[in-house]
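Trainee: Could we zoom in on just one part here? Please walk me through a single interface between domains, in detail.

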Amino acid sequence: MAVQASRQASSKTESYVDNKRKEDIRRANIVAARAVADAVRTSLGPKGMDKMISTASGEVIITNDGATILNKMEVLQPAAKMLVELSKSQDVVAGDGTTTVVVIAGALLKQCLSLLDAGIHPTVISDALHKASLKAVDVLTAMAVPVELSDRESLVKSASTSLNSKVVSQYSTLLAPLAVDAVLSVVDPEKPDLIDLRDVKIVKKLGGTVDDTELVKGLVFDKKASHAAGGPTRVDNAKIAVIQFQISPPKTDIEQSIVVSDYTQMDRILKEERNYILGMIKKIKATGCNVLLIQKSILRDAVTDLSLHYLAKAKIMVIKDVERDEIEFITKTLNCLPIANIEHFRAEKLGYADLVEEASLGDGKIVKITGIKNMGRTTTVLVRGSNQLVLDEAERSLHDALCVVRCLVNKKFLIAGGGAPEIELSRQLGAWAKVLQGMESYCVRSFAEALEVIPYTLAENAGLNPITIVTELRNRHAQGEINAGINVRKGQITNILEENVVQPLLVSTSAITLATECVRMILKIDDIVTVR
């Protein structure tokens, strides 16, 4: 009898597959992804540190923005690459909270490791995580405070919360209202949920400090008007044409040449060229146009010295070398049409503005167009800074602030910041885990514990004692203070909503859903196959 039993057992074990390797690969993936998460963890929150990234080409970037840091990091391990993609997708969805999302994913992975060690099957963990994340989004939505677009103050508060964790945080009083005004001037009242941030153009100019940053109702070109032959540099009541053709004599095709034998022919060619250009300029002048924006041209010079001379005589201001991809923005702002051929040059295609003038700024000059008649819904922000690094970082921070305002316009709900929502989630999910049965409750409890990483890291980065702070926070929340959070400035726990630390609901919900999705992906992978 015993012999038979052992035979059956052996036949069962023969079909046993070695699972050790799959465990190892899963573990390696989790460890690699956690390493990436720990790299950005220190830059979370208003007291977070900045990273200095030195690229292969020798340029240096100083930044606090999770997406930028991860983007520039050379990550080779495939699972760790998923975290980079994760912060990118958070950047696309919400624009802010790129560090938060990676930190949450790292904490979840840490919890998953201990669950896997306890022998729980990955699929069970993954399903429980999914359930928990759906529940988390409901809890967050219940916590949120609705906000109106007319309530400018709330918008400014949330923008300044976003800016507070950046390098340029000391300028948040200036940049936050600026971001709000920029977005609100771009919003189309008919379709308020479609905001294209490409309608807010950010022009960077060296010199001055970030304090000199301003919002320009109109257009700014980071180049000077062409001064050849003394053309005008300031035009009132401007009629502006955007042209995509060249004001220069026609050339032969590349491979051909014309042989001219005697001087009379030379003179005739030059005379023809002159007449050709003059004819063009007369047509331009006839429509009353007095400012030309000329698109950069590849085929031949967009303007020659001769044509510049005649344009200056006709008192037409010329701004040449306008980039091709700026044309759409310019025509939208000026409410005019680009002109592709001299034959189509008509007055109705022009844009009208009160003033076009050249101003000197820093070491260069810029051209400002202001007082545009029936201007399109666009706006320009002129960012100043003492060096290139500050400029780039100011631009990235502004982009984050703009995204935050855009989130609020899309989904009009605010939520407290400062680790308050995370602790509240942790508390409510912990309570919910007690109701569930079996493995699920175990996994949900781990999810709840993982969310405490945000307040923990906030406290740690601010140099407070994380354990005391998080315990105290839990205590406050258990007593029903939903909005109690860490006040990093005072180094204690206060009601965060009263301290004006707020963020859009979309940032928190998308952070949690995206992080769990990414973790579930990593859990499901049990083998890496390299294809050479």
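Mentor: Domain bounds here come from an automatic or database domain assignment. This is a predicted model, with local features needing pLDDT of at least 70 and side-chain atom pairs counting only at pLDDT 80 or more, while totals for chains, interfaces and linings use all residues. Residues are numbered from 1 along each chain as its sequence is written, and side-chain values use heavy atoms, leaving out hydrogens and water.

Let's take domain 1 (20–146 + 415–524) and domain 2 (148–211 + 390–411). Their centres, taken over C-alpha atoms, lie 25 Å apart. Contact (heavy atoms within 4.5 Å) brings in 26 residues from domain 1 and 18 residues from domain 2. Together the two bury about 1,700 Å², 55% of it on carbon and sulfur atoms; that's the accessible area (1.4 Å probe) the two parts lose on being put together, summed over both.

Now the pairs. The rule finds 1 salt bridge across this interface, meaning a side-chain nitrogen of Lys or Arg within 4 Å of a carboxyl oxygen of Asp or Glu. Lys166 and Asp96 form a salt bridge, with their closest N and O atoms 3.8 Å apart.

As for the domain 1 side, S2 (60–63), H4 (78–93), S17 (502–504) and H17 (505–524) each supply at least two residues. These are DSSP runs, numbered from the N terminus: helices (H or I, at least four residues) and strands (E, at least two). H17 gives the most, with 4 residues.
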